[in-house]
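Q: I am new to this structure. Please take me through a close look at one part of it, and then show me what lies beyond that part.

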Amino acid sequence: MNSPAPTQDELKAQVARAALAYVEPGTIIGVGTGSTVNKFIEALATVKDSIRGAVSSSVASTERLRAIGVPVFDCNEVGELGVYIDGADEIDGHGHMIKGGGAALTREKIVAAQSRRFVCIADASKRVKVLGAFPLPVEVVPMATARVIRQFSEMGGNGVVRLRDGAPLVTDNGQHIVDVTGLRIERPHDFEMMVSQWPGVLTVGVFALQRAHVCLLGTPGGVETLT
Ligand code: 5RP
């Protein structure tokens, strides 16, 4: 009898374990945010004494890393990191991603920019041909959200301020998130550069400039490594 197909959770755990191969002993690593990264942090607990510590992209990941005994450093205390390990909401065949489903996109981009190599860990449902089906998160200074939403609507996008418990979600950086549907992002690089320049936009959740160099994709047939 065939064994049942692995759940999305099992696929996440599979890629999280595979990512340990990219953790170099004696180094400080960059750690992202989200449910897949939470699995990675669980896996990291088994080798935690072999690394010097981590730089984290969110308060939530910092707490989890400290809970397993990994020292967490501020970005400004350390130089270039060898590797940054994080999930994605969508990833295309060139390593371009949509990120920010967990509202941590700004710090994720900062830590990714400080790292030589971005290793994306994701289950197969995240792989797309063209970015845009997942609502694009954009971190925006609160006084600019209505204008930013109008700018997206001029290009066919429908933006809404993300809520938590009925009020605008406030990020770790004290800002709001606008989630934009209805986009088809054919040229992620140009799109990221354009939206990043809009006044009030702190970070757009397209990661093309900080693309993934390696993607560990969890599939029912095992982990696929895309480079
Ligand atoms: C958080 C992120 C996450 O990496 C992304 O949302 C994927 O999350 P998950 O692993 O839970 O599917 O960008 O801001």
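A: One term comes first: a residue is buried if 20 or more other C-beta atoms lie within 10 Å of its own, exposed if 12 or fewer, and partly exposed in between, with C-beta atoms placed from the backbone. The model is predicted: local features need pLDDT of at least 70, side-chain atom pairs count only at pLDDT 80 or more, and totals for chains, interfaces and linings use all residues. Residues are numbered from 1 along each chain as its sequence is written.

Start with Ala-103. This residue sits in the loop between β6 (97–98) and α4 (105–113). Helices (H or I, at least four residues) and strands (E, at least two) are DSSP runs, numbered from the N terminus. Ala-103 is buried, because it has 25 C-beta neighbours inside 10 Å. Its phi is near 65°, a positive value in a residue other than glycine. The buried residues are Leu-105, Thr-106, Arg-107, Glu-108, Lys-109, Val-111 and Ala-112.

Compare Asp-165. It too has a positive phi, about 55°, and is not a glycine. Its loop runs between β10 (163–164) and β11 (167–168). Asp-165 is exposed, because 5 other C-beta atoms lie within 10 Å.

Now the helix packing. Helix α1 (residues 8–18) packs against helix α2 (residues 35–44) at an angle of about 50°, and their axes are 8 Å apart. (Axes are lines fitted to C-alpha atoms, for helices over the stretch in contact, and angles run from 0 to 180 degrees between N-to-C directions.) The two helices are therefore oblique to each other. (Under 35 degrees is roughly parallel, over 145 roughly antiparallel, 65 to 115 roughly perpendicular, and the rest oblique.) From α1, Lys-12, Ala-13, Val-15, Ala-16 and Arg-17 make the contact; from α2, Ser-35, Thr-36, Lys-39, Phe-40 and Ala-43 do. Residues are in contact if their C-beta atoms, placed from the backbone, lie within 7 Å. By class, the contact of α1 with α2 has five nonpolar, two polar and three charged residues. (Ala, Val, Leu, Ile, Met, Phe, Trp, Tyr, Cys and Pro count as nonpolar, Asp, Glu, Lys and Arg as charged, and the others, Gly among them, as polar.)

α2 also meets helix α3 (residues 59–67): their axes come within 10 Å and cross at roughly 15°. That makes α2 roughly parallel to α3. Val-37, Asn-38 and Ile-41 of α2 meet Ser-61, Arg-64 and Leu-65 of α3. Here the contact of α2 with α3 splits into three nonpolar, two polar and one charged.

Glu-24 lies in the loop between α1 and β1 (28–31). With 12 C-beta neighbours inside 10 Å, Glu-24 is exposed. Its C-alpha atom is 7.3 Å from that of Ile-51, which is 27 residues away along the chain. Arg-52 lies in the loop between α2 and β2 (53–56). With 13 C-beta neighbours inside 10 Å, Arg-52 is partly exposed. Arg-52 and Ile-28 are 24 residues apart in sequence, yet 5.3 Å apart in space, C-alpha to C-alpha. Leaving out residues up to four places away in sequence, Arg-52 touches Gly-26, Thr-27 and Ile-28.

Val-204 belongs to strand β13 (residues 201–204). It counts as buried, with 29 C-beta neighbours inside 10 Å. Beyond four places in sequence, Val-204 contacts Val-138, Glu-192, Val-195 and Ser-196. Asn-158 belongs to strand β9 (residues 158–161). It counts as partly exposed, with 13 C-beta neighbours inside 10 Å. Not counting residues up to four places away, Asn-158 touches Ser-153, Val-180, Thr-181 and Gly-182.

Finish with the core. A nonpolar core is a set of buried Ala, Val, Leu, Ile, Met, Phe, Trp, Tyr and Cys residues joined through C-beta atoms within 7 Å. The largest one holds 58 residues, and Cys-120 and Ile-121 touch the most other members. Leaving out residues up to four places away in sequence, Cys-120 touches Asp-86, Gly-87, Ala-88, Ile-91, Met-97, Ala-212 and Cys-215.

Key: Contact = placed C-beta atoms within 7 Å.
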